[in-house]
Amino acid sequence: MSGRNGGQFTDYPRLVRAIGACPPEDVGGAPGYAGFLEAQADPNHEAHAEMMDLHGGTFDPDDAGIDRILDNFERLAKKWAPKPRKPKVTSRPL
């Protein structure tokens with residue numbers, strides 16, 4: 001998809017800004033995410049092992065996963081791109 005922007009064409013969808021990672025599933029919303037980050041960052045925290053198992057390994061709260069986002073945008077842009085149309089056939093004589 002493209003749109004006109006100040007005399008230039010811009011491809012859509014496009015990433016404008018990405019800050020931080022999404023919380024892992026089932027951490028309990030914002031309060032649970034804060035607890036998850038605390039336990040994940042401190043190997044001596046009583047819930048550290050449980051939180052690491054919950055997520056399945058290391059977790060970087062600063063990594064927004066931009067490569068994954070851009071791959072998804074590329075896939076969606078291809079899906080949403082206009083398809084060429086076949087010309088209409090008329091049965092009327094010219």
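In this predicted model, helix α1, which spans residues 29-41, packs against helix α2, residues 48-55, at an angle of about 110°, and their axes lie 8 Å apart. Because an angle of 65 to 115 degrees counts as roughly perpendicular, α1 and α2 are therefore roughly perpendicular to each other. The crossing of these two helices, α1 and α2, is left-handed.

The residues that meet at this crossing are Phe36, Ala39 and Gln40 on the side of α1, and His48, Met51, Met52 and His55 on the side of α2. Sorted by class, the contact of α1 with α2 has four nonpolar and three polar residues, with no charged residues.

| Aromatic pair | Arrangement | Centre to centre | Angle between the planes |
|---|---|---|---|
| Tyr33 and Phe36 | stacked | 6.4 Å | 15° |
| Phe36 and Phe59 | edge-to-face | 5.3 Å | 75° |

Tyr33 and Phe36 both belong to helix α1, where they are three residues apart, or about one turn of the helix, and both Tyr33 and Phe36 are buried. Phe59 is buried, as is Phe36. Taken together, ring pairs link Tyr33, Phe36 and Phe59 into a cluster, and Phe36 is also one of the α1 residues that meet α2.

How values were computed
Residues numbered from 1 in each chain as written. Predicted model: local features only at pLDDT ≥ 70, side-chain atom pairs only at ≥ 80, totals over all residues. Heavy atoms only, no water. Axes fitted to C-alpha atoms, helices over the stretch in contact; angles between N-to-C directions. Helix = DSSP H or I, 4+ residues; strand = E, 2+ residues; numbered from the N terminus. Parallel < 35°, antiparallel > 145°, perpendicular 65-115°, else oblique. Left-handed = near helix turned anticlockwise from the far one by under 90°. Contact = heavy atoms within 4.5 Å. Nonpolar A, V, L, I, M, F, W, Y, C, P; charged D, E, K, R; others polar. Phe/Tyr/Trp six-rings, centres within 6.5 Å; stacked < 30°, edge-to-face > 60°. Buried < 20%, exposed > 50% of the residue type's maximum accessible area, 1.4 Å probe, protein only.
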